[in-house]
Amino acid sequence: MTYNENQKIAEIVADNYNQIVLLEHFGIPLVVQEQTVKDICKKYKLSTDLFLTFARLFNNERITHSTHFDEKDIHCIILYLTNCHQYYLQEKAPKIVDAVNLIVKNNQNAGTTLLSKFVDEYIEEITEHFAYENDIVFPYITALAKGEKTGSTYSVIEYKHHHSNIDDKLVDIKNLLIKYLPFEDKDHLRRNLLASLFELEYDLKIHSHIEDVILIPLVENYEQKQIRSKS
């Protein structure tokens, strides 16, 4: 389905339930009545173009450029990504850890111990990654968009060079569960854990795509404008 600004939000959600998470990441409550994309975006001071672009991402589409966005969209993008971090760390990560702990409790062996180790290391990695974005990257970008002095020589190019797709290591954990790790599973713990991992991976891929294709190029262009204005 191709969405437009006159599309009712309820229809978008009914078409793809993953759009519920999109609304949450933008801080939009689910009870939307008969409101359209245009109505919701006006209410929450959000660009309809930005919302529709993100909605396409949740329909497994990909974008290759973001030249139609500008610094006015930065605040909304940062809000979205920050809410993503809360969703991953406060909702998805604890659910995954709880599922692994149940598996380990019911199956004490080297394989489940390895699974627990992989998951703990991954949660630690994404926690550090998000802390860096929340504490360093996003405040810098926000200050830049406001025209404030950042007080440092930091540039988004530094983030770009060190930015990694944090969904990659999920593949190892999923493969361990799908291909190699036998254990008694009368309560379908493997399926429940895999469902949580796939849900996290799905959202993380969108998260990384937004940063790589929309946010970083947008900030790079804005930095260049700032440089030219001072020369």
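The model is predicted, so local features need pLDDT of at least 70, side-chain atom pairs count only at pLDDT 80 or more, and totals for chains, interfaces and linings use all residues. Residues are numbered from 1 along each chain as its sequence is written, and side-chain values use heavy atoms, with hydrogens and water left out.

Start with helix α2, residues 19-25. Helices here are DSSP runs (H or I, at least four residues), numbered from the N terminus. Gln19 belongs to α2. Is Gln19 buried or exposed? Its relative accessibility is 1%, so Gln19 counts as buried. Buried means under 20% relative accessible area, exposed means over 50%, and partly exposed lies in between (1.4 Å probe, protein chains only). Which residues does Gln19 touch? Leaving aside neighbours within four places in sequence, Gln19 is in contact with Tyr3, Ile12, Val13, Ala55, Phe58 and Asn59. Contact means heavy atoms within 4.5 Å.

Next come the loops. Gln33 sits in the loop between α2 and α3 (37-43). Gln33 is exposed, with a relative accessible area of 61%. Its phi is positive, about 55 degrees, although Gln33 is not a glycine. Most residues other than glycine have a negative phi. Lys45 lies in the loop between α3 and α4 (48-57). Lys45 also has a positive phi, near 55 degrees, and is a residue other than glycine. Its relative accessible area is 76%, so Lys45 is exposed.

Tyr44 is found in the loop between α3 and α4 too. At 30% relative accessibility, Tyr44 counts as partly exposed. Where does the chain meet Tyr44 again? Not counting residues up to four places away in sequence, Tyr44 touches Gly27, Ile28 and Pro29. Tyr44 and Gly27 are 17 residues apart along the chain, and their C-alpha atoms are separated by 8.6 Å.

Now move on to α4. Ser47 caps the N-terminal end of α4. A side-chain oxygen of Ser47 lies 3.2 Å from the backbone nitrogen of Asp49. How many residues of α4 are buried? The count is 7 of 10, and α4 is mostly covered. The buried residues are Leu50, Phe51, Leu52, Thr53, Phe54, Ala55 and Leu57.

Helices α5 (residues 74-106) and α6 (residues 110-145) form a pair to look at next. Their axes come within 10 Å and cross at roughly 165 degrees. Axes are lines fitted to C-alpha atoms, for helices over the stretch in contact, and angles run from 0 to 180 degrees between N-to-C directions. That angle makes α5 roughly antiparallel to α6, a label for angles over 145 degrees. The crossing of α5 past α6 is left-handed (the near helix is turned anticlockwise from the far one by less than a right angle). The residues of this contact divide into 19 nonpolar, 7 polar and 1 charged. Ala, Val, Leu, Ile, Met, Phe, Trp, Tyr, Cys and Pro count as nonpolar, Asp, Glu, Lys and Arg as charged, and the others, Gly among them, as polar.

Finally, follow α6 to helix α8 (residues 170-180). The axes of α6 and α8 come within 10 Å and cross at roughly 160 degrees. The two helices are therefore roughly antiparallel. α6 passes α8 in a left-handed crossing. Which residues make the contact? From α6 come Leu115, Phe118, Val119 and Tyr122, and from α8 come Leu170, Ile173, Leu176 and Leu177. This contact has 8 nonpolar residues, no polar and no charged.

Notes:
Angles under 35 degrees count as roughly parallel, over 145 as roughly antiparallel, 65 to 115 as roughly perpendicular and the rest as oblique. A polar contact is a pair of N or O atoms within 3.5 Å; within protein, one must be able to donate a hydrogen and the other to accept it, and residues adjacent in sequence count only if both atoms are side-chain atoms.
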